[in-house]
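This briefing goes through a few parts of one protein model and its ligand. Please look at the sequence and the structure before reading the points below.

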Amino acid sequence: MLIAGNWKMFKGPAEARSFFESFEQPDGVDVIVCPPFASLAAAVESGITTYAQNVHWEPTGAYTGEISPPMLRELGVHGALVGHSERRQLFGERDEAVARRARAALEAGLGVIACVGETIEQRESGDTELVLTIQVEAIAFAAGTYENLVLAYEPVWAIGTGRTATPEQAREAHAFIKGLLDRPVLYGGSVKPENAAELLGQPGIDGALVGGASLEPDSFAAICRAAAEL
Ligand code: PGA
């Protein structure tokens with residue numbers, strides 16, 4: 001089981017350090033944190049496995065606001081998220097860019113958590129499988145035979161809304177995704193200590209990508225413990 005915490009644009013270095021002072025990582029589960037760029041060094045220093053929230057595909061160049069795989073490697077960062085729905089929805093990130101980011105990160109020896117998921121409009125119009133197919137196939141093409149790739153199924157309507165996919169919805173989507181690309185698949189979208197055990201207990205759910213509930217050491221540790229107990 002893998003539990004990854006996506007801090008989004010929360011916690012500068014001082015807050016990150018105080019998180020790591022009180023966070024106790026249980027045995028029996030792999031744990032990753034994804035802090036904002038400014039707090040990557042603090043996370044790496046703590047000894048926890050650290051992923052960036054995004055990564056560019058070129059090693060250097062005129063790409064204002066971006067950061068490259070070798071720069072992350074130099075910092076001691078272990079991997080990166082790519083294709084988070086907030087990148088796709090708020091910053092116009094497209095499948096082609098997601099695929100290039102994933103490919104470059106993997107080539108540089110970084111791990112990748114690649115996020116996919118449908119919006120509520122796409123689900124209600126019956127397009128969930130179409131959307132997942134397009135997103136997963138772009139990532140699969142880019143990933144080739146590189147192994148250090150995990151997918152995260154994050155239905156956009158469940159992110160930060162308090163509304164989780166039902167265990168059946170999550171199970172169905174995970175099975176569908178694994179049919180397209182046989183890799184571990186994390187579930188993301190309003191995972192909390194109260195619902196973690198039920199979601200993580202579903203077949204085909206290999207862990208969780210946690211946003212809001214990863215910001216408090218106690219709630220993140222509780223989710224990690226739920227995973228360790230399965
Ligand atoms: P949430 O976010 O747990 O706050 O819903 C999940 C994510 O965006 O990765």
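An oxygen atom of the ligand is 2.8 Å from a polar backbone atom of Gly212. Of the 290 Å² of accessible area that the ligand has on its own, the protein covers 94%. The model is a predicted one.

**The ligand and its surroundings**

- There are 13 residues around the ligand, and Lys8, His84, Glu154, Gly160 and Ser190 come nearest.
- The shell around the ligand consists of four nonpolar, seven polar and two charged residues.
- The side chain of Glu154 has an N or O atom that is 2.7 Å from an oxygen atom of the ligand.
- Gly211 uses its backbone instead of a side chain: a backbone N or O atom of this residue lies 2.8 Å from an oxygen atom of the ligand.

**Strands E6 and E7**

- Strand E6 covers residues 149-153 and runs parallel to E7, with three bridges joining the two.
- Strand E7 spans residues 185-188, and both of its faces are covered.
- On one side of E7 are Val185 and Tyr187, on the other are Leu186 and Gly188, and all of these are buried.

**Ile205**

- Ile205 sits in the loop that lies between helix H9 (193-200) and strand E8 (207-210).
- Is Ile205 buried or exposed? Its relative accessible area is 3%, and a residue under 20% counts as buried, so Ile205 is buried.
- Not counting residues up to four places away in sequence, Ile205 touches Met1, Ala170, His174, Val185, Tyr187, Leu199 and Leu200.
- Ile205 and Arg171 are 34 residues apart along the chain, and their C-alpha atoms are separated by 7.1 Å.

**Thr119**

- Thr119 belongs to the loop between strand E5 (111-116) and helix H6 (120-124).
- Thr119 counts as buried because its relative accessibility is 12%, and the cut-off for buried is under 20%.
- Which residues are in contact with Thr119, leaving aside its neighbours within four places in sequence? They are Gln89, Val156 and Trp157.

Key. Residues numbered from 1 in each chain as written. Predicted model: local features only at pLDDT ≥ 70, side-chain atom pairs only at ≥ 80, totals over all residues. Heavy atoms only, no water. Helix = DSSP H or I, 4+ residues; strand = E, 2+ residues; numbered from the N terminus. Buried < 20%, exposed > 50% of the residue type's maximum accessible area, 1.4 Å probe, protein only. Contact = heavy atoms within 4.5 Å. Near = heavy atom within 4 Å. Polar contact = N/O pair within 3.5 Å; in protein donor to acceptor, adjacent residues only side chain to side chain. Areas by Shrake-Rupley, 256 points an atom, 1.4 Å probe, with all protein chains shown as cover. Nonpolar A, V, L, I, M, F, W, Y, C, P; charged D, E, K, R; others polar. Pairing = 2+ DSSP bridges.
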